[in-house]
Amino acid sequence: MKKYSKLYNSKVFCMMPWIHTHIWPSGKAFPCCMSDSTVEYGNLNDSSLEEIWNNDKYKQLRKNMINDDETKECSRCYEMEKSNVFTLRKMVNKYYIDHWDRVETTQEDGTVEELNMGYMDIRVSNICNFRCRTCGPELSSAWYEEHVKLYGYTPKDPKMMNIADNKKFWDDLQPLLLTVEEACWAGGEPIITEEHYKILDFWIENKMKDVRLRYTTNFSNLYFKKKSILEYWNSFNDVRIAASLDAMGKRGELIRAGMEWDVIEKNRRQMIKECPDVYFEITPTVSIMNVYHLPDFHKDWIGRGLLEPQNVRMNILTYPTEYRIQIIPPKERKKFIDKYNEHIKWIDDNFGDGDAKRGFESVLDFLQQENYDNLIPDFINRNTPIDELRGESLYQVAPELKFFRDYE
């Protein structure tokens, strides 16, 4: 339909600035979870949600979207779409078409009068039991002490952060909870966050079991105090679980420190038994540390009945830049390319075209788009101190990366 042509045809336009404000535990606000996290759109410690909603940055962003002008903070979606990734931008344009009337109310200066939280992605707390190598203290409380040891300074934010401690924000949020259509829960680790359950209870009490729940979780806990997350998932009508699992066994435990792989597999078997109708997928963060291993992981879990063949969604890492798969030197890429081509053929032969095949193809395409091997020294300088501090060896669990030693 011509009315909605921008949603389908634009390579820039995104519904997010009309349906959402992304909040971090520290109070920082962003247009969405994909936007450049170095560019804040406000802070809840200084401004209200309503003030942020129509501040100068937000208004300019909406004007850019309407005029099909690129916005630097949105470059990650632009880059991913070059590799045919179904990005968050494409997702909200597809599923939030019924909010188009809000776009049509946009004033000439970019103002939209009514604050909207149809899509909610608020990282309420940074509490987390993992120290993932590509993360840090802003989104993981467990990272705090190691950050101080590695970098020699104390982060400006405290170890534990919870935006719900800001009573003004919490008071502003509660009426908006009644308008939420879809909630994205991520971390920190949402399943061990008090406010996560408080909000779920609010929706249950208000007979809002149609709110679509979308989780990105490290999948290490199925209980919080006396609450079972499986019981909650069974209480809602549309729940999708994306487990942030990058690799199996020792490699997985190294990438996401704090993980016990046996517990992950136990939790998956329990979920299959108690929540057989809840959608489950793995959402690996594709980095230099796991890119070669992912086909093996995918095939193993399918073979053991822990994963449906198509239920893998690739989160291709772009930052920290030194962990990109594109740091693999061109002369070393053939074995990675061959492995992916072999796995893509295996998927096609056994399961046909679908999300899994396209996901692995997007990783292969992304690898071959750019060459960042000039960042190998940065990767070594980041990885080696973590190995030494934790008494680990990336090259031991990922022997395909031993060629990096030639650059040390």
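Student: Is Tyr58 buried or exposed?

Tutor: Tyr58 counts as buried, because its relative accessibility is 0%. The cut-off for buried is under 20% relative accessible area. Keep in mind that this is a predicted model.

Student: Which ring pairs with Tyr58, and how is the pair described?

Tutor: A pair of aromatic rings is described by the distance of the centres and the angle of the planes. Here the partner is Trp53. The centres are 6.0 Å apart and the planes make 35 degrees, a tilted pair. Trp53 is buried too, with a relative accessible area of 0%.

Student: What sort of pair do Tyr96 and Tyr119 make?

Tutor: Their planes stand at 80 degrees, so the pair is edge-to-face. The ring centres lie 6.2 Å apart. This pair links distant parts of the chain, 23 residues apart. Tyr96 is in the loop between α6 and α7, while Tyr119 is in strand β3. Both Tyr96 and Tyr119 are buried.

Student: How many aromatic pairs are there by this rule?

Tutor: The count comes to 22. Some pairs join into a cluster made of Phe219, Trp261, Phe280, Phe297 and Trp301.

Student: What does Trp301 touch, leaving out residues up to four places away in sequence?

Tutor: Trp301 touches Leu245, Trp261, Ile264, Glu265, Arg268, Phe280, Ile282, Leu306 and Leu307.

Student: How should I read the nonpolar core?

Tutor: In soluble globular proteins, nonpolar side chains tend to be buried together. In this model the largest nonpolar core has 128 residues. The members touching the most others are Met120, Trp203, Leu213, Ile229, Trp233 and Trp301. Helix α16, residues 355-369, gives this core its largest share, six residues.

Student: Trp203 is in that list. Where does Trp203 sit, and which residues of α10 are buried?

Tutor: Trp203 is in α10, where Glu195, His196, Tyr197, Ile199, Leu200, Phe202 and Trp203 are buried. The helix covers residues 194-205, twelve in number. From first C-alpha to last it reaches 17 Å, close to the 16 Å expected at 1.5 Å a residue.

Student: What comes just after α10?

Tutor: Lys207, with a positive phi of about 55 degrees.

Student: Which other residues have a positive phi without being glycine?

Tutor: First the general rule. Most residues other than glycine have a negative phi, and most peptide bonds are trans. Two cases to look at are Asn84 and Phe219, each with a positive phi of about 65 degrees. Asn84 is in the loop between α5 and α6. Phe219 is in the loop between β6 and β7.

Student: Are Asn84 and Phe219 buried or exposed?

Tutor: Asn84 is exposed, with a relative accessible area of 65%. Phe219 is buried, at 0%.

Student: Where are cis peptide bonds found?

Tutor: One runs from Gly187 to Gly188, with omega near 0 degrees. Gly188 is in the loop between β5 and α10. Another runs from Tyr319 to Pro320, again with omega near 0 degrees. Pro320 lies in the loop between β13 and α15.

Student: What is the strand order in the open sheet of five strands?

Tutor: Read the order as β3-β5-β6-β9-β11, with parallel pairing. β3 and β11 stand at the edges. Each has a single partner strand, so one side of each is left without a neighbour in the sheet.

Student: How many bridges join β9 to β11?

Tutor: Four, and the two strands run parallel. Look at Arg240, which stands opposite Tyr279 in β11. The charged end of Arg240 sits over the ring of Tyr279, 3.8 Å from the ring centre.

Student: Which ring lies under the charged end of Arg390?

Tutor: The ring of Trp143, with 5.2 Å from the charged end to the ring centre.

Student: Last one. Is Asn93 buried or exposed, and what is in contact with it?

Tutor: Asn93 is in helix α6, residues 88-95. Asn93 is buried, with a relative accessible area of 3%. Leaving aside neighbours within four places in sequence, Asn93 is in contact with Leu7, Phe13, Cys14 and Met15.

Notes
Residues numbered from 1 in each chain as written. Predicted model: local features only at pLDDT ≥ 70, side-chain atom pairs only at ≥ 80, totals over all residues. Heavy atoms only, no water. Expected span 1.5 Å × (residues − 1). Buried < 20%, exposed > 50% of the residue type's maximum accessible area, 1.4 Å probe, protein only. Contact = heavy atoms within 4.5 Å. Core = buried A, V, L, I, M, F, W, Y, C linked by side-chain atoms within 4.5 Å. Phe/Tyr/Trp six-rings, centres within 6.5 Å; stacked < 30°, edge-to-face > 60°. Lys NZ or Arg CZ within 6 Å of the ring centre and 35° of its normal. Pairing = 2+ DSSP bridges.
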